[in-house]
Amino acid sequence: MKGIVFTGFLEMVEEKYGYEVVDQIIDEGNLPSGGAYTSVGTYSHAEMVQLLTGLSQKTNKDVPSLLKAFALYFFDTLEKNYPQFLERANGAFDFLESIENYIHVEVRKLYPDAELPTFETKMVADNSLEMIYTSERAMADFAEGLMERAIAYYGEKVTIARKKLREDGKRVQFIVTKV
Ligand code: HEM
């Protein structure tokens with residue numbers, strides 16, 4: 001997993017819970033990297049799981065809600081660093097459909113070792129887009145937060161229905177419906 005995700009995560013933890021909590025989850029996490037992340041480095045996804053678990057223990061919040069909150073926060077970083085991806089799309093559905101075939105493709109050119117999910121997208125009604133998330137990392141909560149913030153960026157109102165297609169969360173269906 002790319003360093004930008006780790007630096008963004010620790011930035012959020014510091015902002016919301018303070019520097020001491022950052023220190024504690026790094027110290028108690030026994031992380032192979034020692035918690036020294038650079039945005040262009042690459043680190044094991046297991047370290048993110050460790051940090052999330054540590055934060056969950058400190059805050060008494062469950063990992064899925066923390067991961068979603070992180071996505072809502074992290075979207076601002078993506079918007080700041082990659083505004084061109086948001087500007088070129090004509091609305092939320094166009095943007096969401098472009099993640100698989102354009103955005104993450106460009107991301108992979110920049111970072112050949114990026115660990116990205118796959119999205120299968122399909123219009124299932126005039127106002128409904130189906131997005132099927134697949135990833136070994138089972139980060140659908142992260143996907144949901146990013147989707148919500150992206151849709152808000154375009155000022156659109158939608159509902160998001162979600163269904164696990166695999167019990168382990170590695171394949172999840174989202175139905176995004178404009179209201
Ligand atoms: C400007 C737009 C975007 C950019 C530049 C971007 C870039 C990235 C980067 C750099 C990573 C980390 C890869 C790694 O750790 O190796 C990532 C992961 C991820 N992205 Fe995107 N992304 C964008 C939008 C989105 C949106 C809107 C979604 C939601 C549908 C999304 C879903 C995900 C998920 C779920 C992951 C975590 C990895 C996984 O689940 O396997 N991305 N993305």
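This is a predicted model: local features need pLDDT of at least 70, side-chain atom pairs count only at pLDDT 80 or more; totals for chains, interfaces and linings use all residues.

**The ligand and the sheet**

Q: Which helix gives the most to the shell around the ligand?
A: Two helices, α6 (92-110) and α7 (140-153), each bring at least two residues to that shell. The top contributor supplies five residues, and that's α6.

Q: Into what classes do the residues of the shell around the ligand divide?
A: There are 24 residues around the ligand, with Lys 2, His 104, Glu 115, Tyr 133 and Ser 135 coming nearest. Sorted by class, the shell comes out as 19 nonpolar, two polar and three charged.

Q: How many Å is an oxygen atom of the ligand from an N or O atom in the side chain of Tyr 133?
A: Polar contacts are counted within 3.5 Å. A ligand nitrogen is 3.1 Å from a side-chain N or O atom of His 104, and a ligand oxygen is 2.7 Å from a polar backbone atom of Lys 2. For the side chain of Tyr 133, the distance from a ligand oxygen is 2.6 Å.

Q: Which are the edge strands of the open sheet?
A: The sheet has four strands in the order β1-β2-β4-β3, paired antiparallel. An edge strand pairs on one side only, and that picks out β1 (118-125) and β3 (158-164).

Note on methods:
Residues are numbered from 1 along each chain as its sequence is written. Side-chain values use heavy atoms; hydrogens and water are left out. A residue is near a molecule or strand if one of its heavy atoms lies within 4 Å of it. A polar contact is a pair of N or O atoms within 3.5 Å; within protein, one must be able to donate a hydrogen and the other to accept it, and residues adjacent in sequence count only if both atoms are side-chain atoms. Ala, Val, Leu, Ile, Met, Phe, Trp, Tyr, Cys and Pro count as nonpolar, Asp, Glu, Lys and Arg as charged, and the others, Gly among them, as polar. Two strands pair if DSSP finds at least two bridges between them.
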